[in-house]
Amino acid sequence: MNRILSWEITSESNYRNRRQFLRDAGVAIGQGLLAASLPLSVVAQERDLKTVAGPFSTDEAPNSWNDITTYNNFYEFGTAKEDPYQNAQAFKPTPWSVKISGECEKPGTYTFEDIISPHPLEDRVYRHRCVEAWSMVIPWVGFPLGDLLSRFEPNSNAKFVRFKTLYDPRQMPGQRRAVLDWPYVEGLTMNEAMNPLALMVVGIYGKELPNQNGAPLRLVVPWKYGFKGIKSIVEIEFTRRQPKTSWEQAAPREYGFYANVNPAVDHPRWSQARERRIGAGLFAEKQPTLMFNGYTDEVAGLYAGLDLRKNY
């Protein structure tokens, strides 16, 4: 089967218009036939989410649905950017639960519904920067991570938060290869986790999160490089000590714990000073990378006195 190219995939706006046209025209067609005629990334998640306008959104135009759902880093489904789109469609993100543990007063295992039900879902449009010098603007749906963590009443010993992704090689073919030490682990300081920009995400473009984007629950930390956006989260632990993240273990000279966007510090194998927006084309001019990805006013105070060249 030939791979569907990005320019051949129906955009989110065209998809919605086409469905409206079919309804208005009274076209009688079975859901199975309709699904067969559309790319899987489009039909995988049908339910619209009820949201409110969230703070902190950029006024930059978001990337298309196609850009966001077909160009992904999600090594559990493969290392190539198109692998998650191709390999995650059979993944089943329901039912889902998250284990809460460590330095908190309310540990336990909570269902997905337990996790999201108390929180109004917000629309937030965030810039994103990946280490490989590309960027996107994504309209996320989620709620503040800090609001969620506060429910479990972390105690005074909780200095960091450790997150873990599902380990299921049967459903996640990328885990059958020793690319990383599975399951994937990520971490934040408590101050970072409680910053109102940090978002627990359940959707994009007002719809449920597609599998390849980290369904059903993922982290978004917009002032950090993309590998801080851990996906398909099944464990959250409050810890006294700084957790060792998966990328720190895999390549400690290249990927540090903090992962802040800092254009003044080059990656060992490429420059971080400029970036190209996904969807703009290979020959589009790169733009300067912004410190903290443009969120300096909101987060610079978290790192007062910290050398961000050494603490990369």
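Residues are numbered from 1 along each chain as its sequence is written. In this predicted model, local features require pLDDT of at least 70 and side-chain atom pairs pLDDT 80 or more, while totals for chains, interfaces and linings use all residues; side-chain values rest on heavy atoms, with hydrogens and water left out.

The protein chain contains 10 helices and 13 strands, taken as DSSP runs numbered from the N terminus (helices H or I, at least four residues; strands E, at least two). Of its 312 residues, 53% are buried, where buried denotes under 20% relative accessible area, exposed over 50%, and partly exposed in between (1.4 Å probe, protein chains only). Among contacts (heavy atoms within 4.5 Å) between residues at least 6 apart in sequence, 73% join residues at least 24 apart. An individual case is provided by serine 57, located in the loop between strand E1 (52-53) and H4. Serine 57 is partly exposed, with a relative accessible area of 34%. Beyond its neighbours within four places in sequence, serine 57 contacts Asp123, Arg124 and Val125. The C-alpha atoms of serine 57 and valine 125 are 4.6 Å apart, although 68 residues separate the two in sequence.

When residues up to four places away in sequence are not counted, the residues touched by phenylalanine 163 include Leu145, Tyr184, Met200, Leu219, Ile230 and Ile236.

Aromatic pairs were assigned to rings of Phe, Tyr and Trp (its six-membered ring) with centres within 6.5 Å; planes under 30 degrees apart count as stacked, over 60 as edge-to-face and the rest as tilted. The count comes to 14 pairs. Tryptophan 65 and tyrosine 205 form a tilted pair, with 6.1 Å between centres and 50 degrees between planes. This pair links distant parts of the chain, 140 residues apart: tryptophan 65 belongs to helix H4 (residues 65-70), and tyrosine 205 to the loop between strand E8 (199-204) and strand E9 (207-208). Tryptophan 65 counts as buried because its relative accessibility is 1%, whereas tyrosine 205, at 27%, counts as partly exposed. The pair of phenylalanine 292 and tyrosine 303 is stacked, because the ring centres are 5.5 Å apart and the planes lie at 15 degrees. Both phenylalanine 292 and tyrosine 303 are buried. Ring pairs also join these two residues with Phe160, Phe257 and Tyr258 in a cluster.

A search of the whole structure finds 1 cavity of 30 Å³ or more. A cavity is a set of points on a 1 Å grid over the protein atoms alone where a 1.4 Å probe fits but cannot get out, and lining residues have an atom within 4 Å of a point. Points are joined across faces, edges and corners, and the volume is the space filled by probe spheres set on them. The largest cavity holds about 290 Å³. It is lined by 22 residues, of which His128, Trp134, Ile138, Arg218 and Gly226 are the closest to its centre. Strand E4 (122-129), E5 and strand E10 (218-220) each give two or more residues to this lining, and E5 gives the most, with 4 residues.

Definitions and conventions: 1 Å grid on protein atoms, 1.4 Å probe; cavity = no way out; pocket = protein on both sides within 12 Å on 5 of 7 lines; lining within 4 Å.
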